[in-house]
Amino acid sequence: MNIRAMAAAFAATVTLPFSAAHATDLEVTHWWTSGGEAAAVGELAKAFNATGNKWVDGAIAGSGSTARPIMISRITGGDPMGATQFNHGRQAEELVQEGLMRDLTAVAEKGKWKDVIKPASLLDSCTIDGKIYCAPINIHSWQWLWLSNEAFKKAGVDVPKNWNDLVAAAPALKKAGIQPLALGGQAWQANGLFDTLTISLGGKELYETVYVKKDAETAGGPEMAKIFAAAAQARDMAKGSNVQDWNQATNMVLTGKAGGQIMGDWAQGEFQIAGKKAGTDYTCLPGLGLNEYLTTGGDAFYFPLLKDEEKSKAQDILAAAIVDPKTQVAFNLKKGSLPIRSDVDLAAANDCMKKGLEILGKGNIIKSVDQLVSADTQKQKEDLMSEFFANASITPEAAQKRFADIIGSAD
Amino acid sequence: MAAHAPTGRPNQLFRNLNAKIASIPMMLVALVIFLGGTLWTVFYSFTNSRLLPRLNFVGLDQYERLWASSRWIISIQNLAIYGILSLIFSLVIGFMLAALMDQKIRFENAFRTIFLYPFALSFIVTGLVWQWVLNPEFGIQSVIRSLGWTSFAFDPLYDPDIVIYGILIAALWQGTGLVMCLMLAGLRGIDEDIWKAARVDGIPMWKTYLLIIIPMMRPVFITTLVIIASGIVKVYDLVVAQTSGGPGNASEVPAKYVYDYMFQAQNLGQGFAASTMMLLTVAIIVVPWAYLEFGGRKRG
């Protein structure tokens, strides 16, 4: 644990000379390390430092699947941090059940979270046995298609209005030497792309039958077969991406090397930082331009139970600061995600975020797969999808059969 | 004669007492951490523990699921290919290099340093280096294409069918230097007179190596074998750094399955079942060998 020792030493040397009498250091771990993400975390740290406490940044690089094991082993191993990011959903479920997390109900009541947090399903995901254990910070939805206007101009076709247009434009893009679809090699990206196809092409009902009711028959049925056929198309279009991280794939769209990418709204932050303008430089299509439903997964902060009184107080302050309207605006504008409350002013939001807010306002929302199935089931799906997307010799039918098995045993 | 020793034979337990006390910590570590940890893992592999260990027995369910998982099957196949080839190649290449070094060449020290140098790097660094070398846009492929051979294609890390060989190349690059050094030490331990006798008898050099020197180097080969084999079973970091298991599942290995299921999927039971299978595989190979190697000697 050299890194931790170094971080502690670093924190000590930096904070000691400057800290005020009652300032408490709180180490916050998260996996926000890309350009847009780091800028957003900066806003959060600023808000917390303004309360007279000290944010000690514990960023863990390499996406959530690298960071979560580190966080969990620190909490279960008796070396908890002050606060930590998880996706709200079931990732921290067992930690809460074991009593390792701090109950935030008092803070939530004081801040009237029940009234201000919209949609209510966000807070439901934080609630276990009637008590609130996490502070949701943003809403992230997966169902976005990002398109490079420049790439389509070069290929001499109109910018697609939906997924089907992009599929139709793929040959023209390929001819112009442009990658039709950018897809990073990490398993979660293939998995997210597939779930997005399920909602956006198949609709809400199909999605809920598969992931809420976990109906294996539907998962193996003809409706789902269409999704697998579309996934096979996506596989052909993404062939040759040869990048790993999602922001490398986004960068291909940004620079016009790729036509489009299916990625969550966090990709927005990358366009923002590069100074690109929605509508002229790039186009965003929520729900892939077909079924405009968004899933309301996202990030939340959990607060491990600590023995130190002072730190516990600082935890409450941070929890309150996260839900605070001002932080919500500052953070989400940088991050490209949607705020968790509808009573904030997002005049500065760009076109894409406004589209997202509108869909939220209409109530076209569904719970994300993270909220519906366990991490174990997600991992099995990831294994299947990453294998399917990397290996063109697996037929959609064979993949669907395995998918139905996973859904059949899902929990 | 027994009457001369009133206290009987000295108690075996108290002979060399100091040495025994000194080795207690080591014995405790071996018993509690290695043996205890192993038993604990095997025990909990029969439960449905998720994020935290729980005593809820489900029989062989975890094992059934494990062997039904295509990712696990791919992992095992990869380990077999990687294991067999890396064993053969590192022994052959290592021995050849050592034999060449042994020809009283000039600058032997310099060569030895160069060949051993990669071993000073961790697998993570090795993996990253070779990820770049084998990257079609920056590495070997682009260099050769820029020399004019534009149809040249060599991108093992992006081809599911041959990705494991890309990993093998990196592993050999890193590991053969050590094998060479061990072999060289073995060669230097062979008496000069043997060579002289062979030369007098007019036995060609390759035959001397094959029929006289190698059989004499048996202990060195066994040491080397153990070192290589243990490296094979635990291969993990190289894969993570080079391909992170990709493309798709094509370069997955068992150790990575264990880690991913224990910590990413939050399914300890499944991870324990996989690690128990790994232990079993090692036991199947090691136990008969150890029996032949050590059991036989006692009788003889």
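1. Strand β7 of chain A (residues 144–148) is largely enclosed by the rest of the structure, because 5 of its 5 residues are buried. This is a predicted model, and the points below should be read that way. Trp144(A), Trp146(A) and Ser148(A) point one way from β7(A). Leu145(A) and Leu147(A) point the other way. Residues on both faces are buried.

2. β7(A) has two strand partners to look at. Strand β10 of chain A (residues 282–286) runs antiparallel to β7(A) and is joined to it by 5 bridges. Within that pairing, Leu147(A) has Thr283(A) as its bridge partner. Strand β9 of chain A (residues 258–262) is also antiparallel to β7(A), with 3 bridges between them.

3. Trp146(A) deserves a look of its own. Leaving aside neighbours within four places in sequence, Trp146(A) is in contact with Thr250(A), Val253(A), Gly260(A), Gln261(A), Met263(A), Ala267(A), Tyr282(A) and Cys284(A). In the largest nonpolar core, which has 154 residues, Trp146(A) is among those that touch the most other members. Another core lies apart from it and has 14 residues, including Met101(B), Leu182(B), Leu184(B) and Val220(B).

4. Now the overall build of chain A. Its secondary structure comes to 21 helices and 13 strands. A compact globule of 411 residues would have a radius of gyration near 22 Å, and the 21 Å of chain A agrees with that. Along the principal axes, the C-alpha atoms fill a box of roughly 65 × 45 × 45 Å. Of the 411 residues, 53% count as buried. Take the contacts in chain A with a separation of 6 or more: residues 24 or more positions apart account for 77% of them.

5. Chain A is assigned two domains. Domain 1 covers 2–136 + 299–336, and domain 2 covers 144–295 + 366–408. Their C-alpha centres lie 30 Å apart. Across the boundary, 17 residues of domain 1 of chain A are in contact with 16 residues of domain 2 of chain A. On the domain 1 side, α2 (35–49), α3 (63–76), α7 (120–126) and α17 (325–335) of chain A each supply at least two residues. α2(A) gives the most to that side, with 5 residues. By class, the domain 1 side has 2 nonpolar, 11 polar and 4 charged residues.

6. Chain B is also divided in two. Domain 1 of chain B is 1–44 and domain 2 of chain B is 63–299. The centres, taken over C-alpha atoms, are separated by 36 Å. At this boundary, 4 residues of domain 1 of chain B are in contact with 6 residues of domain 2 of chain B. The domain 1 side has 2 nonpolar, 2 polar and no charged residues.

7. Next, the contact between the chains. 19 residues of chain A are in contact with 18 residues of chain B. On the chain A side, α3, α4 (93–97) and α20 (375–390) each supply at least two residues. α20(A) gives the most, with 8 residues. The class count for the chain A side is 6 nonpolar, 6 polar and 7 charged residues. α3(A) also supplies at least two residues of the side of domain 1 of chain A that touches domain 2 of chain A.

8. Most residues other than glycine have a negative phi. Lys214(A) has a positive phi, near 55°. It lies in the loop between α11 (204–211) and α12 (216–219) of chain A. Lys214(A) counts as partly exposed because it has 18 C-beta neighbours inside 10 Å.

9. The second case is Phe107(B), with a positive phi of about 55° although it is not a glycine. Phe107(B) is found in the loop between α4 (70–101) and α5 (108–116) of chain B. With 9 C-beta neighbours inside 10 Å, Phe107(B) counts as exposed.

Terms used: Residues are numbered from 1 along each chain as its sequence is written. Chains are lettered from A and ligands numbered from 1 in the order in which they are written. This is a predicted model: local features need pLDDT of at least 70, side-chain atom pairs count only at pLDDT 80 or more; totals for chains, interfaces and linings use all residues. Domain bounds come from an automatic or database domain assignment. Two residues are in contact if their C-beta atoms, placed from the backbone, lie within 7 Å. Helices (H or I, at least four residues) and strands (E, at least two) are DSSP runs, numbered from the N terminus. Ala, Val, Leu, Ile, Met, Phe, Trp, Tyr, Cys and Pro count as nonpolar, Asp, Glu, Lys and Arg as charged, and the others, Gly among them, as polar. The radius of gyration is taken over C-alpha atoms; the globule rule is 2.2 Å times the number of residues to the power 0.38. A residue is buried if 20 or more other C-beta atoms lie within 10 Å of its own, exposed if 12 or fewer, and partly exposed in between; C-beta atoms are placed from the backbone. A nonpolar core is a set of buried Ala, Val, Leu, Ile, Met, Phe, Trp, Tyr and Cys residues joined through C-beta atoms within 7 Å. Two strands pair if DSSP finds at least two bridges between them.
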